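Thank you all for making the time this morning.

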Amino acid sequence: MGVSTDSSEGGSHGGEGSWSSLSFLTRRKLVDSAHKKTEGQLAKELSVPHLIGIGVGATIGAGVYVLVGTVAREHSGPALAFSFLIAGLAAALSAFCYAELASRCPSAGSAYHYSYICVGEGAAWLIGWALILEYTIGGAAVARGISPNMAAFFGGMDHLPFFLARQHIPGTDIVVDPCAAIVVLIITGLLCVGIKESTTVQGIVTSVNVCALIFVIVAGAYLGFKSGWVGYELPSGYFPFGVDGMLAGSATVFFAYIGFDSVASTAEEVKNPQRDLPLGIGAALFLCCALYMMVSIVVVGLVPYYAINPDTPISSAFANHGMQWAAYVINAGAFTALCASLMGGILPQPRILMAMARDGLLPPFFSDINKFSQVPVKSTVATGLVAAILASLMDVSQLAGMVSVGTLLAFTTVAVSILILRYIPPDEVPLLPSLEESSDSVPSKSRWISDDRYDKHGEANICTSEDIKPVVTKEDMPIDCPLLSRHFAIGNYIDESNRRKIVGWVIALTCLGVFILTYAASDSSILRAVRFTFCGVGGILVLSGLIFLTCIDQDDARHNFGHSGGFICPLVPLLPVACILINCYLLINLGAATWARVSIWLAIGVLVYVFYGRTHSSLRNAVYVPVSHMDDKFRASSSCLA
């Protein structure tokens with residue numbers, strides 16, 4: 001048996017007080033859903049219809065009712081549907097990665113949970129901290145837009161009841177929006193009742209929104225055939241802004257697909273996560289893409305793209321054909337879209353806070369689960385109060401770009417996690433506290449031995465800091481290693497003992513190449529010669545990494561990682577690398593102002609982690625054992641309990 005400890009004196013994975021080595025940033029946790037306790041867990045109540053409702057509700061916000069006009073006028077023209085299709089395919093790359101990780105690691109926390117298992121504690125903390133910002137700002141921004149849509153039913157903002165109308169505080173620039181705060185608090189209370197009840201209500205609200213969009217499609221198609229689709233009979237053709245304009249439109253509407261990741265955050269509450277999570281993610285994304293495309297086809301067909309009203313594109317298109325009353329149906333759809341999107345935005349954050357608190361990175365207050373409703377009530381209430389305060393007192397529209405940073409960082413990290421899972425899955429895991437008794441005899445300063453000292457069964461020999469030689473050596477080490485039998489010549493030059501290090505460096509250099517390539521391609525202020533040089537260097541790194549990863553076999557240990565029998569992401573490594581490339585390009589193009597604001601938030605997160613999370617992490621004194629040894633001990637413990 002081989003073990004390593006992570007003590008405060010500086011274990012192999014970095015102890016709580018060790019700054020001589022930053023290896024505590026790379027300590028990784030167990031796929032805890034495979035060995036978790038039965039008490040204090042979330043209720044398993046969700047099935048595929050619930051997940052589709054969460055995904056569609058969180059994705060299709062009121063933005064689609066405005067976005068089609070803006071993108072058609074400025075970027076895509078009649079080719080708007082192609083922009084939505086390309087953006088949907090790009091979002092599908094991330095959805096494939098999420099689907100595999102969600103089925104393998106079905107625990108609360110979404111991208112934070114996956115990155116903690118595959119990448120390490122440092123990256124997981126930054127992702128979790130960025131997602132907290134995303135859901136907080138996103139929820140407040142959505143809530144702020146509810147009162148103008150509600151006012152449409154009362155005849156304008158001036159006709160809203162006093163307790164719902166916005167009020168300006170004299171002597172300040174603050175405009176209080178009580179309607180936004182009230183809606184946030186109502187939704188927070190609903191989420192505290194129970195996951196099944198809240199998702200049922202969200203499904204009903206989402207259905208109203210979908211019915212409104214179907215009305216737009218059906219009625220718009222009737223008007224289009226009746227009028228002859230005047231929007232498509234233009235001398236400029238289908239691509240008035242060229243292919244570049246269509247692609248620019250795709251980059252803009254890509255953010256309309258953000259929201260399907262909310263499905264992954266409920267993984268611990270799904271009855272059959274291996275089957276239902278991939279189906280829920282895929283079906284939600286497909287339905288959103290289909291609705292977006294059909295709505296865009298109708299709108300740009302009813303009115304020439306240059307004549308579309310950028311503020312109310314759908315209502316104006318119907319009004320031009322004598323259907324002014326359709327505005328009431330469209331306003332109802334926009335209002336329910338905002339409510340469903342708000343529910344989808346508040347739902348994941350308490351579960352991320354709970355997951356981080358379970359791991360010791362946040363105070364245990366956030367990990368408490370109500371024994372009656374079986375939801376993290378305290379985290380939900382804290383999330384709702386913060387969102388209500390922000391929505392009622394601040395105009396967060398200028399901060400809306402910060403929402404995209406958290407999502408794109410999460411998408412990127414999930415794609416990197418897929419590469420790690422397939423080629424260098426974790427070969428050592430922290431021993432559960434309930435199983436540590438058998439490892440108490442290990443000295444606190446022991447360290448993990450290198451990979452090449454495993455025997456063929458995955459076992460290793462104990463190695464101390466004073467004696468690095470194994471206590472027992474194996475003379476029958478297999479010489480017919482399957483990793484040396486390659487279909488490509490590149491495999492014959494890989495030393496098995498260094499394979500993990502080599503592959504790890506290749507993945508890291510590939511990600512570096514993606515950053516160099518996307519940064520050079522996006523920054524037009526760089527000298528042309530320097531820009532082309534950087535593009536060439538980045539392209540060579542990315543292409544070389546793809547070729548290398550394609551030519552070597554994936555690690556066989558991936559089959560035993562987490563829960564088996566679920567969805568498998570196709571086209572690895574091409575699909576994850578393409579996903580990283582797209583997300584990195586979008587991240588770089590968010591703008592310097594957005595990154596300046598996000599950097600402040602991330603800097604605060606670093607301070608919180610340094611002074612609290614690092615020293616309270618559940619892995620600060622972890623004992624690490626081989627994966628095979630962990631499975632053997634868990635089976636032995638289970639048989640003893642039985």
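Let me begin with R166, which is partly exposed, with a relative accessible area of 31%. Please keep in mind throughout that what you see is a predicted model. The side chain of R166 meets that of D177 in a salt bridge, at 3.0 Å from N to O. That pair links distant parts of the chain, with D177 in the loop between β3 (175-176) and α7 (178-193) and R166 in the loop between α6 (146-151) and β2 (167-168), 11 residues apart. D177, for its part, is buried, with a relative accessible area of 0%.

How many salt bridges does the structure hold? The count is 11, and I will take up a few others. In one of these, D359 pairs with K29, the closest N and O atoms being 3.0 Å apart. Because D359 sits in the loop between α14 (348-358) and α15 (377-393), while K29 sits in the loop between β1 (4-5) and α1 (48-59), the pair ties together parts that are 330 residues apart in sequence. D359 is buried, at a relative accessible area of 6%, and K29 is buried as well, at 8%.

Another salt bridge joins D555 to R499, where the closest N and O atoms are 3.7 Å apart. Here D555 belongs to the loop between α18 (528-551) and α19 (574-588) and R499 to helix α17 (residues 499-522), so this pair ties together parts 56 residues apart in sequence. Both D555 and R499 are buried. Salt bridges that share partners also join E100, R104 and R422 into one network.

Turning to the cysteines, the structure holds zero disulfides. For C289, the nearest cysteine sulfur is that of C288, and it is 8.7 Å away, whereas a disulfide would need the two sulfur atoms within 2.5 Å. C289 is buried, with a relative accessible area of 12%.

Next, please find F335 in helix α13 (residues 326-346). Leaving aside residues up to four places away in sequence, F335 touches I146, N149, M150 and F153. The C-alpha atoms of F335 and N149 are separated by 5.7 Å, although the two residues are 186 residues apart along the chain.

Note on methods: Residues numbered from 1 in each chain as written. Predicted model: local features only at pLDDT ≥ 70, side-chain atom pairs only at ≥ 80, totals over all residues. Heavy atoms only, no water. Helix = DSSP H or I, 4+ residues; strand = E, 2+ residues; numbered from the N terminus. Contact = heavy atoms within 4.5 Å. Buried < 20%, exposed > 50% of the residue type's maximum accessible area, 1.4 Å probe, protein only. Salt bridge = Lys/Arg side-chain N within 4 Å of Asp/Glu carboxyl O.
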